[in-house]
Amino acid sequence: MTQKTRILLGVTGGIAAYKSPDLVRRLMERGAEVQVVMTESAQRFVSPMSFQAVSGRPARSDLWDGAAEAAMGHIELARWAQIVLIAPASADFMARLASGQADDLLATLCLATEAPIVLAPAMNRVMWANKATQANVETLISRGIRILGPDSGNQACGEVGKGRMWEPVKLADSLLEPPVNAGLMAGLNVLITAGPTRERLDPVRYLTNRSSGKMGFAVAAAAREAGAHVTIVSGPVQLQTPAGVTRINVESARDMYAAVHRQVSDADVFIAAAAVADFQPVTVAKQKIKKQGVAVKLDLEPAPDIIKSVADMAKRPFVVGFAAETNDVEENARAKLKRKKLDMIAANQVGEGIAFDCDENALTVIWPGGKVEVTRGPKLDVARQLIALIASRLPPPDGSPRRGSRKRRTVAALPRDRVRARRARR
Ligand code: C5P
């Protein structure tokens with residue numbers, strides 16, 4: 001018989017705690033053994049008896065409970081866990097975790113465990129968006145803690161927004177499938193451009209490029225999954241921001257250029273997935289240009305080349321471009337790689353039901369001296385493979401040989417080294 005995964009489920013004080021007994025059942029259905037640990041405020045929402053009934057184990061809550069400690073001390077409990085899942089994770093609990101407090105049993109267990117910690121936040125949308133909460137989230141992610149959710153939607157407080165705990169089934173499924181590329185970019189700053197830009201001609205008209213932004217957003221989600229701090233500078237698109245990604249909305253190529261250059265000094269990796277307009281009107285008409293039944297001449301100038309401007313920086317991040325080509329994909333992409341001095345380029349053939357406005361893509365990823373074909377698949381899968389390739393090509397922090405040639409270093413050790421070296425450089 002295969003061994004059951006031992007999950008320590010922490011329940012903190014929030015209305016979403018009413019879903020946690022169901023979560024216990026979903027985890028057990030998937031072959032897990034679950035020990036529940038509640039904070040004091042969680043017990044105001046759900047009775048410990050409900051958890052005992054569904055998990056078959058008394059729920060623990062008190063660091064000072066002599067009998068429970070005698071049966072399995074808190075350090076033993078911390079060792080017992082193979083995964084620590086906190087669902088719901090309240091704003092208060094995340095703050096306590098971020099500051100390393102050990103003022104109740106659950107916080108103590110989180111400090112004392114070597115098991116991976118996963119949080120499923122749930123709170124009012126304003127509390128979630130609060131800078132203090134977001135700073136705590138960033139801190140926790142940079143320490144390798146995985147955050148699942150929150151979702152957007154109706155909230156118990158009557159508001160609508162981001163802060164709902166993921167549903168138990170989604171949580172159980174995601175928890176038990178290993179995260180893709182986990183930790184591969186932990187603590188790195190990744191800056192991504194996505195979507196089209198709009199170049200205004202007059203108050204009602206603009207020039208643009210065909211782009212849904214889906215590939216850039218998928219790359220942002222994949223980088224985030226890999227543990228990076230991700231900022232996406234996006235042109236006008238109809239897409240939800242992936243969980244945990246910071247989004248800056250822009251309209252024109254000029255706006256995108258300015259937003260990128262405000263962020264780029266902090267970036268370790270820059271990925272330009274935006275379909276930036278090639279031309280911009282020299283002037284924008286203040287009033288609607290009237291139809292006069294004759295041909296109109298537009299004065300256009302080249303839009304700023306954002307990726308090239310980043311690649312030209314003296315202290316530059318690792319620069320990855322995209323190339324959408326209709327013909328001679330590889331040849332054109334190689335020329336672009338060289339001309340724009342990129343570290344890597346992801347090229348794709350456009351048309352044939354892939355790339356534009358659709359959910360699938362296929363890439364030829366090229367860097368000086370190497371090439372990998374990423375076969376056709378959902379954009380998120382393709383993006384995950386691209387992120388793994390980027391991570392494998394990132395230069396080591398101290399000028400030592402690339403990761404592949406360093407046999408002794410573990411994958412887990414790499415990102416932290418890199419982050420430390422990057423901080424030291426600043
Ligand atoms: O449009 P083009 O094929 O030259 O795009 C190649 C790469 O350059 C893409 O990564 C795109 O996001 C980037 N680019 C840019 N600024 C431009 C044009 C393209 O960053 N003005």
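Me: Which element gives the most to the lining of the second largest pocket?
Reply: In this predicted model, β16 does, with four residues.

Me: How much space lies in that second largest pocket?
Reply: About 870 Å³. Its lining has 38 residues, and the closest to the centre are Ala274, Ala275, Val276, Phe322 and Ala324.

Me: Which elements give two or more residues to the lining?
Reply: α10 (214-225), α12, β16 and α13 (329-339).

Me: And how do the lining residues divide by class?
Reply: 19 are nonpolar, ten polar and nine charged.

Me: Switching to the ligand. Which pocket does its space belong to?
Reply: The ligand takes up the second largest pocket. Two elements, α12 (306-311) and β16 (318-325), each give two or more residues to the shell around the ligand.

Me: Which residues surround the ligand?
Reply: Ala272, Ala274, Val276, Pro304, Asp305, Ile306, Ile307, Gly321, Phe322, Lys336 and Lys340. By class, that shell has seven nonpolar, one polar and three charged residues.

Me: What lies 2.6 Å from a ligand oxygen?
Reply: A backbone N or O atom of alanine 272.

Me: How far is isoleucine 307 from the ligand, going by a polar backbone atom?
Reply: 2.9 Å, to an oxygen atom of the ligand. Phenylalanine 322 also has a backbone N or O atom 2.8 Å from a ligand oxygen.

Me: How much of the ligand's accessible area does the protein cover?
Reply: The protein covers 86% of the 440 Å² that the ligand has on its own.

How values were computed
Residues are numbered from 1 along each chain as its sequence is written. This is a predicted model: local features need pLDDT of at least 70, side-chain atom pairs count only at pLDDT 80 or more; totals for chains, interfaces and linings use all residues. Side-chain values use heavy atoms; hydrogens and water are left out. A residue is near a molecule or strand if one of its heavy atoms lies within 4 Å of it. A polar contact is a pair of N or O atoms within 3.5 Å; within protein, one must be able to donate a hydrogen and the other to accept it, and residues adjacent in sequence count only if both atoms are side-chain atoms. Accessible areas come from the Shrake-Rupley method with a 1.4 Å probe; for residues, only the protein chains shown count as cover. On a 1 Å grid over the protein atoms alone, a cavity is a set of points where a 1.4 Å probe fits but cannot get out, and a pocket is an open set with protein on both sides within 12 Å along at least five of seven lines; lining residues have an atom within 4 Å of a point. A molecule sits in a cavity or pocket if more than half of its atoms lie within 2 Å of its grid points. Ala, Val, Leu, Ile, Met, Phe, Trp, Tyr, Cys and Pro count as nonpolar, Asp, Glu, Lys and Arg as charged, and the others, Gly among them, as polar. Grid points are joined across faces, edges and corners, and a volume is the space filled by probe spheres set on the points.
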